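The sequence and structure are shown first.

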Amino acid sequence: MSNTWVKTWMRTPKINCGRCGRAACTGFARALVVGQLELDDCPILRLRDYANLRAELEAMLNADSTPRTGTAPELPEGGVLFTQPCKDTNDRVMAELSLHNGVKPGESMRFAVFDPRTLCDLMNCLQSQFDLVKCSRDLGYGRADVDEMNITVLQDGRINMRRVKDRDQVMSVFGKLERALVGATICNCCGCDLLSILSGCVEPADGDKHTVYDAGTNMSIDEKSAQLPIRRAEVELALDENAKHALSLIQNLADHLESGIVQLLDGSIELFRAVSSEEARCSLVELITNPSLYGNETLLLKVLALVRVIYDALCGVSELAEILMYTPEEDRDAILTLVSMAQSGELSLQMKTIDDQRQILAHAHSLRLNRAVRLLQEWVR
Ligand code: SF4
């Protein structure tokens with residue numbers, strides 16, 4: 001599934017507009033592989049410029065149309081599959097643990113446990129806590145070393161530890177990893193990762209709730225609060241001084257987005273480079289792995305989701321700047337109308353009257369802006 005998913009995702013438009021009902025093309029690719037969605041569910045793939053990608057996807061799906069499903073394993077106590085002395089040194093232990101993705105034991109599992117890309121984004125934020133961190137964005141395989149300890153994270157949710165001091169250290173490290181990485185777990189109902197779902201942009205694909213709300217072994221997602229908009233005041237109240245640095249970084253991202261949209265509208269933009277969201281993301285991962293702040297996982301995961309949406313919108317501004325650059329003067333107004341609607345968070349997901357290819361693309365990118373603007377309106381309310 002992983003390899004098929006990577007090949008499929010590589011051929012999606014990677015616009016993350018949400019028009020297919022998934023928050024991002026990663027979720028669409030998974031839904032496509034298991035037959036939940038069809039190529040026609042992505043309006044971008046119907047465009048002339050995407051005909052080659054669509055043909056390649058069609059060929060791949062025709063060649064390999066068997067959905068691969070497995071069965072969710074039993075959930076071991078505390079996530080620990082086993083601990084035992086290391087083979088080469090008796091004063092250290094090795095352990096295998098499993099991060100729960102919310103699928104009940106024995107139920108059919110459509111997808112892997114971790115979304116590889118989100119996994120690596122989150123795992124790379126652990127650099128400050130380990131001597132070495134490596135993660136493959138295609139394979140969903142991560143490795144982290146500190147002192148003598150060696151940890152591997154696999155796409156199926158298993159976490160292997162070698163040369164750990166004792167069982168207490170196993171549980172303490174697992175507690176941190178679980179909180180840092182749970183945002184990358186994939187929902188069994190829709191194929192989207194938890195962070196996408198916490199941004200509020202994806203409806204459950206079947207049943208009445210996202211299965212990934214039940215993810216976590218030694219921590220849990222507060223389902224009710226997960227479905228509410230995230231507010232800055234709520235974070236300040238819960239985390240006090242601890243959140244100050246992260247909040248100022250988020251403000252910088254939000255200001256950069258606001259100024260990018262203004263520049264699009266007043267025509268002063270030429271080349272727009274999205275600033276990195278890595279510092280904001282990593283400062284939140286630092287908070288979520290801080291044992292003194294355990295209990296605030298849902299809140300912090302929602303803020304992580306917000307950061308990702310803002311960054312995605314910044315990429316949307318960059319794409320729109322390029323589209324405008326190549327759009328004749330007389331056709332720009334139609335695009336600027338879409339951006340203007342996104343600026344106030346009023347852009348509709350469906351725009352049936354648009355039939356021009358450039359405008360359809362502009363609408364898709366404007367939707368990324370619209371999503372961030374809406375979340376930011378709630379954020380400061
Ligand atoms: S509709 Fe948008 S999010 Fe969905 S696959 Fe197409 S480009 Fe990606």
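## Overall fold

The model is predicted. The chain contains 13 helices and eight strands. Its C-alpha trace spans about 75 × 55 × 35 Å along the principal axes. For 381 residues, a compact globule would have a radius of gyration near 21 Å, and the chain agrees with this because its own value is 21 Å.

Buried residues make up 45% of the 381 in the chain. Of the contacts between residues at least 6 apart in sequence, 67% join residues at least 24 apart.

## Nonpolar core

The largest nonpolar core has 111 residues, and the members that touch the most others are L181, L284, V307 and I310. Helix 11 (residues 297-325) supplies the largest share of this core, with 15 residues.

Leaving aside residues up to four places away in sequence, L181 touches L99, F114, L119, L122, M123 and V153.

## Helix 5

L181 also belongs to helix 5, which covers residues 167-181. The 15 residues of this helix should span 21 Å at 1.5 Å a residue; the end C-alpha atoms are 21 Å apart, so the two values agree.

The buried residues of helix 5 are V170, V173, F174, L177, E178, R179, A180 and L181. In an α-helix, residues three or four places apart point the same way, because there are 3.6 residues a turn. V170, V173, F174, L177 and L181 are among the buried positions, and the charged residues E178 and R179 are buried as well.

In helix 2 (residues 25-33), nine of nine residues are buried. They are C25, T26, G27, F28, A29, R30, A31, L32 and V33. Just after this helix, G35 takes a positive phi of about 80°.

## The loop around Y213

Where does Y213 lie? Y213 is in the loop between helix 6 (194-198) and helix 7 (223-226). Y213 counts as buried because 21 other C-beta atoms lie within 10 Å, against a cut-off of 20 or more.

Beyond residues up to four places away in sequence, Y213 touches G102, I221, E223 and A226. Y213 and T185 are 28 residues apart in sequence, and their C-alpha atoms are 9.9 Å apart in space.

Note on methods: Residues numbered from 1 in each chain as written. Predicted model: local features only at pLDDT ≥ 70, side-chain atom pairs only at ≥ 80, totals over all residues. Core = buried A, V, L, I, M, F, W, Y, C linked by C-beta atoms within 7 Å. Buried ≥ 20, exposed ≤ 12 C-beta atoms within 10 Å, placed from the backbone. Helix = DSSP H or I, 4+ residues; strand = E, 2+ residues; numbered from the N terminus. Contact = placed C-beta atoms within 7 Å. Expected span 1.5 Å × (residues − 1). Rg over C-alpha atoms; globule rule 2.2 N^0.38 Å.
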